[in-house]
Each structure stands twice: as C-alpha cells, then as structure tokens.
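User: Hi! Could you walk me through a few features of this model?
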Amino acid sequence: MPAASSDLVRVFGRIGLLSFGGPAAQIALMHRELVEERGWLDEQTYLRALSFAMLLPGPEAMQLATYAGWKRAGLSGGLIAGGLFVLPGALVVLALAMAYGALGTLPLVQAVFLGVKAAVIAIVLEALLKVSKRALRGPGDWIVAALSFVAIFALALPFPLIILLAGLWGAARGSGTATAETPLPDIRGTGRTVALWLTLWLTPILLLWASGAAFLTQIALFFSKLAVVTFGGAYAVLAYMTQEVVQDRGWLTTHEMIDGLGLAETTPGPLILVTEFVGYTAGTGQGGMALGLAAAALTLWVTFIPCFLWIFAGAPYLDWIAGRPRLTGALSGITAAVVGVILNLSIWFAAHVVFGQVETATLGALTLIAPVAESLNPVALALSAAASVALLVFRWPLLGVLGLSALLGLLAGLLT
C-alpha cells in the first residue's frame with residue numbers, strides 16, 4: 001500500500017473511531033488532526049472545503065473527510081477517508097441495533113455513551129473557539145456569523161436560505177484573498193464521474209424493483225430521497241423521517257425511533273447513521289434478521305453513495321473557485337455563516353446532553369429551545385465540566401479525555 005494511502009487508513013481509522021458528537025465535534029476533530037497536527041490541509045483550504053460541504057445535501061462532516069482524502073491521494077484517498085469515517089459507526093450502530101432488537105434498551109451502554117457525550121461538549125467548545133478565531137477576520141464576518149446564529153437558533157429559518165444570503169453578501173463584498181487562477185476542470189471528466197456514481201447509486205434500486213422485492217425497493221427509494229433533501233445535516237430531516245417511518249409507513253414505533261436516535265447520537269460517525277437503525281429494525285419487523293441486515297446494508301448504500309458523487313464531481317472546482325474574487329467572497333461569507341451554524345449545533349447538543357427534556361418556547365417571532373430545569377442531569381453536567389477543564393485548561397490528549405469520561409459515565413451508571 002502506498003505511504004499516502006497507509007497514512008490515510010491510520011488517520012481516518014482513528015477519526016472514524018473517535019468521531020462522536022455529531023457534526024460540530026467531528027469538524028473539530030478533523031481540524032485538530034488534519035490542519036493543526038499534520039498540516040494536510042491549510043486553514044483556508046479546510047474552511048473552503050467545510051463551506052462547500054455545508055452547501056451539499058448529506059452529512060457535511062463525512063463529505064469534508066472525503067474531500068480531505070481526495071485532496072491528499074485522489075479518488076482512492078477519498079474512498080478511504082470517507083469510508084473509514086462511516087464504517088466504525090456503522091458497525092457499532094448495527095451491533096447495537098441487533099442487541100436492541102434482542103434485549104431492548106442497554107442501560108450500561110447508555111451510561112458509557114453519556115460520559116462520551118459529556119466529553120464531546122468540551123471538544124465542540126474547543127473547536128468553536130479555534131474555528132471562529134480563524135474564520136472571522138473582520139467586523140463583517142462577525143456580523144454574518146451572529147445573524148446566521150440568530151436566524152437558525154431563534155427564527156428557525158431554513159438552513160439553505162441562510163447559506164444563500166451569506167453567499168450573496170460575500171459575493172457582493174468580493175474578496176481580496178483570491179489565489180492564483182487555476183484552469184477550469186475538465187467538464188467531460190465531471191460528466192463521467194457523475195455517470196459512474198449515479199450508476200452505482202441507482203443500479204441496486206433498479207435490480208430490486210425488477211426482482212419484485214417491494215419492501216427493499218421502498219427502503220431504497222425513501223432513503224435515496226432523504227439523501228437528496230438532507231440540507232443542513234441530519235437534524236434538518238429528523239422530524240420528516242420520523243413522521244414517514246412511524247406515522248405514514250408504520251415501519252417503527254415512536255419509542256423505537258426515539259431509542260434509535262439516542263443510539264445514533266452516542267456512537268461514532270454521522271448522526272444520519274440512524275437510518276441504518278431504521279432500516280434494520282423495519283426489516284426485522286417485516287421478515288426477520290436476514291431482511292433486517294439486507295435493509296440496513298441497502299440503507300447505508302443509498303445514504304452514502306450520493307455523498308461520494310457530490311464530492312468527486314464538485315471537489316475539483318474548489319481550487320478554480322478560489323481564484324475568482326467574487327466566488328471566493330461568496331465562500332468567505334458562507335464560512336462566516338457556518339460559524340453561527342456550528343454554535344447553534346453546539347448549544348443544541350449540550351442542552352440535550354445535560355437536560356433529559358428539552359422543549360421549545362415561542363416568544364413572538366422567536367422560537368427558542370427551553371430545557372426543563374427539573375430534568376437537569378447533574379452527572380452529565382459534572383462530567384462535561386470535568387472534561388472541559390481537562391481539555392481546555394490542562395490540555396489533556398483527546399483520547400485521555402474521552403476514555404476518562406467514558407469510565408466515569410460507566411461508574412455513575414453502576415452506582416445508580
């Protein structure tokens with residue numbers, strides 16, 4: 001195996017195993033690993049790639065990983081990085097889904113993951129501080145970030161609209177930091193890439209339809225549709241997916257859906273891996289474990305193959321965009337908006353870790369999250385405070401913080 005590929009396997013295998021906590025934490029982890037520690041991407045390339053990933057449907061952190069691998073080692077690098085970002089979490093979710101189907105809830109596993117999630121709060125906070133310091137380079141960027149945060153946190157404006165407005169503002173302002181112009185990538189090569197990945201995506205669906213496998217065809221079509229409309233990350237479509245699989249299709253009960261989301265939130269990898277749990281649980285309900293495994297594999301395929309399509313078709317254009325001041329300005333505006341979006345994700349995640357019940361409150365045009373004070377989890381609060389001190393004050397290594405938090409979570413679970 002070439003040295004670059006070997007390095008990618010080692011680094012993204014590690015990232016895949018440690019990518020707890022959703023997109024904010026995963027973006028933080030990759031920034032630490034790829035920019036600060038190894039220098040595989042410079043700061044501007046990383047932020048430009050992050051902004052691009054935020055524009056795409058699907059899990060932005062997985063697509064950022066795929067881009068980083070592609071940038072370092074081409075197609076094989078993108079496949080290694082994107083695949084290893086997803087695979088550890090997919091295996092864990094499948095194992096937990098199978099155990100859940102056989103045993104129901106797993107209290108001690110949930111206790112361990114509570115400790116991990118508490119540590120993730122500290123990781124997210126560290127990332128937010130570092131990313132904002134580098135991405136917000138003037139008063140205009142700070143204003144865009146603040147307005148974007150208010151728009152998504154308090155006004156519940158659609159994520160694509162926020163990104164569009166930030167991009168238009170950045171394009172109107174222009175940018176003095178454009179790099180040297182690069183040639184426009186080969187359009188025919190892009191067409192071949194699109195054709196290849198569309199074929200890989202759609203062929204299993206057509207074969208299932210032709211064979212008369214009605215349930216699996218429904219699974220494939222539904223989660224393919226989700227892969228196209230999931231702008232703004234998994235949170236943006238969770239309500240829609242829940243309504244479809246619980247109320248409209250009857251594949252899962254509400255309780256099963258909530259438990260599945262909890263499992264996905266506490267395992268490594270993108271939160272959209274909850275679709276694997278849904279596929280497995282729906283399949284076992286329809287025809288036993290064999291159908292459940294087939295549905296889980298199919299769900300993963302139609303969820304993540306489109307991600308490779310978007311990145312491999314679009315990534316070659318990022319350097320070309322970087323050489324054009326207006327387009328660079330648009331990406332700069334989007335990058336500032338992304339800081340506000342990450343802040344929103346960070347607050348949402350921290351609230352749901354520390355409080356057992358989080359509601360919403362409406363104040364005129366504002367819609368705010370409202371944690372229920374009585375549902376405060378003092379163990380989670382103490383664990384997150386300890387992890388924050390260890391990581392931000394004493395600069396403990398990431399693995400040490402995660403390991404200690406997981407152990408303390410397990411001990412707390414055994415004592416309660």
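User: Which helices each supply at least two residues of the nonpolar patch?
Analyst: Those are α16 (378-393) and α17 (398-415). Helices here are DSSP runs (H or I, at least four residues), and strands are runs of E with at least two, numbered from the N terminus. This is a predicted model: local features need pLDDT of at least 70, side-chain atom pairs count only at pLDDT 80 or more, and totals for chains, interfaces and linings use all residues. Residues are numbered from 1 along each chain as its sequence is written, and side-chain values use heavy atoms, leaving out hydrogens and water.

User: And which helix gives the largest share of the patch?
Analyst: That's α17, with 5 residues.

User: Where does Leu108 sit?
Analyst: Leu108 is in helix α5 (residues 107-135). It counts as partly exposed, at 42% relative accessibility (buried is under 20% relative accessible area, exposed over 50%, partly exposed in between, with a 1.4 Å probe and protein chains only).

User: New topic: is Gln63 buried or exposed?
Analyst: Gln63 counts as buried because its relative accessibility is 0%. It lies in helix α4 (residues 60-103).

User: What does Gln63 touch?
Analyst: Leaving aside residues up to four places away in sequence, Gln63 touches Ala53, Leu56, Pro57, Gly58, Cys307, Trp310 and Ile311. Contact means heavy atoms within 4.5 Å.

User: How about strand β1, how many of its residues are buried?
Analyst: Of the 6 residues of β1 (residues 358-363), 0 are buried, so the strand lies largely in the open.
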